[in-house]
Amino acid sequence: MTQPVATAPSAPPPPPPEAVGPLMRSLSVLRELAAGGGRQPVGDLVRRTDLARSTVDRVLSTLARLGYVRTDGRDAVLAPRLLELGNAYLAASELPDRLGPLADRLADELDESVSLAVPDGDGVRFVHQATRRRAMSLAFRIGDLLPAERGAPGALFADRWDAADWQRWHSRRAADPTDAGFPAVPPRRAEDGADAAGPGPDAGSPAGFEARVAAARDAGWSLDDQLIEPGLVAVAMPVRDTTGRPVCALSVVSHTSRLSAAELPHAVLPRLRETVCAMEYALPRDAASAPDTAPGPSHPAHATWMRASKQELGPEFVESMARGLITLTAFGAGRAELPLTAVAEATGLARATARRALITLEHLGYLATDGKLFRPTPKVLELGFAHLSGLTLPAIAQPHLVALVERVHDSASMAVLSGDDIQYVARVPTVRIMSVNITLGTRFPAYPTSMGRVLLADLPPAELSARLALTDLVPLTRHTVTDPGRLLPLLEEVRAHDYALVDEELEEGLRSLAVPVRDRTGRVVSAVNVSTHAGRCTADEAREALLPALRTAAAAIEADLWVAGRYARIPVL
């Protein structure tokens with residue numbers, strides 16, 4: 001394989017006349033926020049995007065209205081709802097839905113981390129991860145981008161590169177000799193093209209990569225011998241569609257403390273090959289057939305929402321920006337490729353408006369087109385997906401708890417069930433002369449607490465009865481219910497009414513009201529409560545004052561959790 005000689009990188013092409021300027025500016029702000037770990041001072045965004053402060057303020061105001069960004073003091077922060085853009089790409093690709101369960105099963109069988117990755121320019125981007133919890137384990141996230149030469153999948157994809165692709169790869173390496181543009185991997189040495197993490201001086205060099213591409217072509221699989229960082233080894237195989245095109249790569253990743261680079265292929269290749277065969281069978285059988293261009297449900301409400309947003313925010317809401325971002329949500333399961341008309345119908349936008357947005361997104365690389373059909377590209381995942389997919393449930397809940405406390409002026413918390421106890425995982429206190437002082441990690445018995453009863457009420461009846469029979473129901477105050485015959489009916493009421501009010505059962509003078517937080521499956525994964533002093537009002541007055549605000553907060557947490565949990569596993573701790 002002969003590669004072209006490296007030259008200086010060329011300037012990007014100018015935007016087409018139809019490009020939507022505000023949409024381009026909003027995407028530049030989102031990219032900078034993502035590059036900064038999901039949080040940036042607004043002043044830094046002004047400097048890094050080279051936009052006027054007033055422009056950045058309008059962009060952030062519009063993004064906040066969309067739910068994609070929130071402000072925290074002087075900082076702009078990516079919000080979980082932004083994940084709906086990456087979810088649209090992942091659903092359209094069908095790879096996590098069709099192949100993810102097979103990757104998970106392989107990870108369980110081998111007890112090693114397993115990933116699915118797709119080509120993205122001269123890089124490799126992860127679209128599914130099944131990781132093992134170890135002191136030394138894979139730490140990449142869905143959406144992370146790696147240089148093609150720094151890993152096993154890249155050699156598989158580079159085998160299909162043409163001269164222009166190789167030229168772009170050389171140009172990128174010349175412009176970024178340390179891989180600073182790939183924050184997911186450790187930097188490499190700039191001298192001699194060597195990879196600082198690799199086992200040899202030529203591991204990351206152009207000649208070394210070319211040799212690995214050729215070896216992968218001959219073997220049908222690719223080996224990563226510590227190309228990313230010392231100790232990390234991997235084997236990858238391509239998953240091909242019916243035309244023979246590799247649509248993704250399946251990798252098994254281990255550590256040299258478990259298996260050496262020489263041992264790993266012998267240990268995993270038989271099961272890896274079997275899984276690849278199963279994955280290829282799970283892909284759509286007729287890849288060459290016409291795609292499903294059904295637009296799905298139309299959203300005429302978008303137009304009404306746009307008008308209302310414009311009336312409320314005035315010039316701080318940029319409609320053309322919002323319309324352009326909404327265009328990406330037209331794609332999804334069964335809508336991998338769409339013509340202009342279908343996009344306009346799915347979003348409720350005028351055909352001319354949708355056309356300009358599609359042209360802009362195609363120019364920026366977020367969409368690809370054959371001239372008639374448009375499809376989202378893996379680059380959509382660069383818009384904060386990696387950072388946001390790593391959020392925990394407490395991190396998702398925290399801003400909504402802050403808003404709840406601002407509304408009710410009492411402390412709010414989130415807890416999960418841990419054995420027979422509840423454990424506090426998020427909390428926002430309020431400032432009062434008499435307040436409830438609880439720290440994160442605090443545990444209380446579940447049975448005399450409002451959050452505990454919400455969590456217990458979601459258990460299957462047989463499990464709940466067995467658990468209560470084994471629990472030492474100790475009276476903590478003179479009001480604590482300790483009789484299982486009384487407690488079970490109380491829990492049935494909690495299940496029926498979807499909230500729990502506990503009056504002075506955990507501590508004299510302490511009243512607490514809690515509601516459940518459910519995941520995408522409807523399972524209660526946590527509870528949110530407001531605690532107050534029983535002497536401030538009656539129980540009925542507390543219920544009337546606090547329950548609507550609690551339910552609003554829980555609904556907001558659930559909305560974020562459902563978007564964030566579509567393709568990522570959201571830890572509760």
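1. Helix α2 (residues 42–49) packs against helix α3 (residues 53–66) with their axes 9 Å apart and at an angle of about 115 degrees. This is a predicted model, and the points below should be read accordingly. Because angles of 65 to 115 degrees count as roughly perpendicular, α2 and α3 are placed in that class. Their crossing is right-handed. On the α2 side the contact is made by Val42, Gly43, Leu45, Val46 and Thr49, and on the α3 side by Arg53, Val56, Asp57 and Leu60. By class, the residues of this contact of α2 with α3 comprise five nonpolar, two polar and two charged.

2. Buried residues in α2 are Val42, Asp44, Leu45, Val46 and Thr49. The elements that cover the buried residues of α2 include α1 (21–35), β1 (39–41), α3 and β3 (75–78). Just after the helix α2, Asp50 adopts a positive phi of about 60 degrees.

3. Thr49 belongs to helix α2. With a relative accessible area of 15%, Thr49 counts as buried, because the limit for that class is under 20%. The side chain of Thr49 reaches back to the backbone oxygen of Leu45, at 2.6 Å. If residues up to four places away in sequence are not counted, Thr49 touches Ser28, Val29, Glu32 and Val56. Of these, Val56 also takes part in the contact of α2 with α3.

4. The crossing of α12 and α13 is right-handed. Leu340, Thr341, Val343 and Ala344 of α12 meet Arg351, Ala354, Arg355 and Leu358 of α13. The contact of α12 with α13 has five nonpolar, one polar and two charged residues.

5. Most residues other than glycine have a negative phi. His409 is found in the loop between α15 (393–408) and β13, and is partly exposed, with a relative accessible area of 49%. Asp498, likewise a residue other than glycine, has a positive phi near 65 degrees. Asp498 is found in the loop between α18 (484–497) and β16 (500–503); with a relative accessible area of 29%, Asp498 is partly exposed.

6. Strand β13 (residues 411–418) contains Ser413. Is this serine buried or exposed? Ser413 is buried, its relative accessible area being 0%. The side chain of Ser413 makes a polar contact with the side chain of Arg427, at 2.5 Å. Leaving aside neighbours within four places in sequence, the residues in contact with Ser413 are Leu401, Tyr424, Ala426, Arg427, Met451, Ala527, Val528 and Asn529.

7. Thr449 lies in the loop between β15 (443–445) and α16 (450–457). Thr449 is buried, with a relative accessible area of 6%. Which backbone atoms lie 3.0 Å from a polar atom of the side chain of Thr449? They include the backbone oxygen of Ala446 and the backbone nitrogen of Gly452. Neighbours within four places in sequence being left aside, Thr449 is in contact with Ile422, Phe444, Val502 and Leu506. Thr449 and Asp57 are 392 residues apart along the chain, and their C-alpha atoms are separated by 44 Å.

8. Leu510 is placed in strand β17 (residues 510–518). This leucine is buried, with a relative accessible area of 14%. From C-alpha to C-alpha, Leu510 and Lys379 are 51 Å apart in space, and they are 131 residues apart in sequence.

Conventions
Residues numbered from 1 in each chain as written. Predicted model: local features only at pLDDT ≥ 70, side-chain atom pairs only at ≥ 80, totals over all residues. Heavy atoms only, no water. Helix = DSSP H or I, 4+ residues; strand = E, 2+ residues; numbered from the N terminus. Buried < 20%, exposed > 50% of the residue type's maximum accessible area, 1.4 Å probe, protein only. Polar contact = N/O pair within 3.5 Å; in protein donor to acceptor, adjacent residues only side chain to side chain. Contact = heavy atoms within 4.5 Å. Axes fitted to C-alpha atoms, helices over the stretch in contact; angles between N-to-C directions. Parallel < 35°, antiparallel > 145°, perpendicular 65-115°, else oblique. Left-handed = near helix turned anticlockwise from the far one by under 90°. Nonpolar A, V, L, I, M, F, W, Y, C, P; charged D, E, K, R; others polar.
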